[in-house]
Amino acid sequence: MEGVLLLSRGGEMPAVVAEKLGAPYQETRDIFYGEFNDIVDLGYHTQDDFWNHVLDTLGKPRSMKQVLLDFFYHDQYLDEKLVKAIRKYKKRYKTGLITNYSEIMREMIETKWQVNDLFDEIIISSEVGLV
């Protein structure tokens with residue numbers, strides 16, 4: 001989902017987060033693509049646990065979590081061209097979304113972006129315990 005259907009204002013998610021937190025890019029990127037992220041994607045920890053892990057690992061106070069939440073809820077958006085294309089294809093084909101993400105993704109798909117109707121099936125790694 002991230003980097004395909006889900007885009008971030010300012011570029012790649014780890015780069016934007018690093019900039020917003022005043023943290024080194026490579027260290028931030030390593031966290032986002034590291035083992036703890038995989039554990040979150042498997043559903044063993046929550047998105048909130050991940051944000052705490054990001055801050056703790058980067059040596060930032062947990063009081064900065066609001067920066068991460070603001071980014072997550074306000075600086076990410078769906079690629080509208082791709083949404084339109086999926087709507088077009090859905091008229092003729094079955095569509096599905098398979099994504100590695102935490103438990104929060106279903107809420108975002110159904111409530112924030114309201115695009116669950118785009119897909120016949122939605123599989124989120126944290127819900128099925130597979131990455």
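Lys 20 is partly exposed, at a relative accessible area of 38%; buried stands for under 20% relative accessible area, exposed for over 50%, and partly exposed for what lies in between (1.4 Å probe, protein chains only). The model is predicted: local features need pLDDT of at least 70, side-chain atom pairs count only at pLDDT 80 or more, and totals for chains, interfaces and linings use all residues. Residues are numbered from 1 along each chain as its sequence is written, and side-chain values use heavy atoms, with hydrogens and water left out.

The side chain of Lys 20 forms a salt bridge with that of Asp 75, at 3.1 Å from N to O. A salt bridge here is a side-chain nitrogen of Lys or Arg within 4 Å of a carboxyl oxygen of Asp or Glu. The pair connects distant parts of the chain, 55 residues apart: Lys 20 is in helix H1, and Asp 75 is in the loop between H5 and strand S2 (76-78). Helices (H or I, at least four residues) and strands (E, at least two) are DSSP runs, numbered from the N terminus. Asp 75 is buried, with a relative accessible area of 18%.

## Other salt bridges

Eight salt bridges are found in a search of the whole structure. One of them joins Glu 12 to Arg 29, with 3.8 Å between the closest N and O atoms. Glu 12 lies in the loop between strand S1 (6-8) and H1, and Arg 29 lies in helix H2, so this pair ties together parts that are 17 residues apart in sequence. Glu 12 counts as partly exposed at 32% relative accessibility, and Arg 29 counts as partly exposed at 31%.

Arg 62 and Asp 56 also meet through their side chains in a salt bridge, at 2.6 Å from N to O. Arg 62 is partly exposed, with a relative accessible area of 47%; Asp 56 is partly exposed as well, with 41%.

## Nonpolar core

The largest nonpolar core has 34 residues, and those with the most contacts inside it are Leu 21, Phe 50, Val 54, Tyr 101, Met 105, Ile 109 and Trp 113. Such a core is a set of buried Ala, Val, Leu, Ile, Met, Phe, Trp, Tyr and Cys residues joined through side-chain atoms within 4.5 Å. Among the elements that give two or more residues to this core are helix H3 (35-41), helix H6 (80-90), helix H7 (104-112) and strand S4 (121-124). H4 gives the most, with five residues.

H4 has 12 residues and spans 17 Å from its first C-alpha to its last, close to the 16 Å expected at 1.5 Å a residue; the expected span is 1.5 Å times one less than the number of residues. The buried residues of H4 are Gln 47, Phe 50, Trp 51, Asn 52, Val 54, Leu 55 and Leu 58. They pack against H1, H2, H3, H5 and H7, where contact means heavy atoms within 4.5 Å. Gly 59 follows H4 and has a positive phi, near 70°.

In H1, the buried residues are Met 13, Pro 14, Val 16, Val 17, Ala 18 and Leu 21. These residues of H1 pack against S1, H2, H4, H5 and S2.

## Lys 65

Lys 65 is placed in helix H5 and is buried, with a relative accessible area of 17%. Its side chain makes a polar contact with the side chain of Asn 52 at 2.8 Å. A polar contact is a pair of N or O atoms within 3.5 Å; within protein, one must be able to donate a hydrogen and the other to accept it, and residues adjacent in sequence count only if both atoms are side-chain atoms. Leaving out residues up to four places away in sequence, Lys 65 touches Asp 48, Trp 51, Asn 52 and Leu 55.

## Strands S3 and S4

S3 and S4 pair in the parallel sense over four bridges; two strands pair if DSSP finds at least two bridges between them. The covered face of strand S3 (residues 96-99) holds Leu 97 and Thr 99, and the uncovered one Gly 96 and Ile 98. In S4, Ile 122 and Ile 124 form the covered face, and Glu 121 and Ile 123 the uncovered one.

Leu 97 has Ile 122 as its bridge partner in S4, and Gly 96 has Glu 121.
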